[in-house]
Amino acid sequence: MVRTYLVIIVSPYIKKTNALLAASNAEKIEALCAWIADNYDSTINWVDLTKNSGFSHNELISLFQVYKQQTPMAYIRGVRQQKNASSN
């Protein structure tokens, strides 16, 4: 009985984690990061991010946490800081 209970709780988490780790997601996140690097000096909002990635707001947050260990907006701030530091 306990085993069945644990499978019910853990199974959706494993499925979600496996879906997040799909190779196509990694490629899409890297493509979005390249787009961010090319457009860092423009205003970038959630609509831009979801439109350019094909992911929802929540999916982007989850995927960035998995692949970049930060939120998309934190990533954008980091790119801007890095680009500004290298231009000075």
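Buried here means under 20% relative accessible area, exposed over 50%, and partly exposed anything in between (1.4 Å probe, protein chains only). This is a predicted model, in which local features need pLDDT of at least 70 and side-chain atom pairs count only at pLDDT 80 or more, while totals for chains, interfaces and linings use all residues. Residues are numbered from 1 along each chain as its sequence is written, and side-chain values use heavy atoms, with hydrogens and water left out.

View 1. The protein has five helices and zero strands; both kinds of element are DSSP runs numbered from the N terminus (helices are H or I with at least four residues, strands E with at least two). Of the 88 residues, 19% are buried. The accessible surface comes to about 6100 Å², and carbon and sulfur atoms own 56% of that; the areas come from the Shrake-Rupley method with a 1.4 Å probe, and for residues only the protein chains shown count as cover. Take the contacts (heavy atoms within 4.5 Å) with a separation of 6 or more: 62% of them join residues 24 or more positions apart.

**View 2. The salt bridge between lysine 68 and glutamate 30.** The rule asks for a side-chain nitrogen of Lys or Arg within 4 Å of a carboxyl oxygen of Asp or Glu, and the count comes to one. Here the N to O distance is 2.8 Å. Lysine 68 sits in helix H4 (residues 57–68) and glutamate 30 in helix H2 (residues 23–39), so the pair ties together parts that are 38 residues apart in sequence. As for cover, glutamate 30 is partly exposed, at a relative accessible area of 43%.

**View 3. H2 against H5, a right-handed crossing.** Helix H5 covers residues 72–87, and H2 packs on H5 at an angle of about 45° with the axes 10 Å apart. That makes the pair oblique: angles under 35 degrees count as roughly parallel, over 145 as roughly antiparallel, 65 to 115 as roughly perpendicular and the rest as oblique. On the H2 side, Cys33, Ile36 and Ala37 make the contact; on the H5 side, look for Tyr75, Ile76, Val79 and Lys83. The axes are lines fitted to C-alpha atoms, for helices over the stretch in contact, and the angles run from 0 to 180 degrees between N-to-C directions. For the handedness, a crossing is left-handed if the near helix is turned anticlockwise from the far one by less than a right angle, and right-handed if clockwise.

**View 4. H2 against H3, with axes 10 Å apart.** The angle is about 130°, and H2 and H3 are therefore oblique to each other. H2 passes H3 in a right-handed crossing. Lys28, Leu32, Trp35 and Ile36 of H2 meet Asp48, Leu49, Asn52 and Ser53 of H3.

**View 5. Zooming in on serine 53 and lysine 28, 25 residues apart in sequence.** Their C-alpha atoms are 6.3 Å apart in space. Serine 53 belongs to helix H3 (residues 46–53) and counts as buried at 9% relative accessibility. Leaving out residues up to four places away in sequence, serine 53 touches Lys28, Leu32 and Leu60. Lysine 28, in helix H2, is partly exposed at 41%. With neighbours up to four places away again set aside, lysine 28 touches Ser53 and Phe55.

**View 6. Glutamine 69, in the loop between H4 and H5.** Most residues other than glycine have a negative phi. Glutamine 69 has a positive phi, near 55°, and counts as exposed at 56% relative accessibility.
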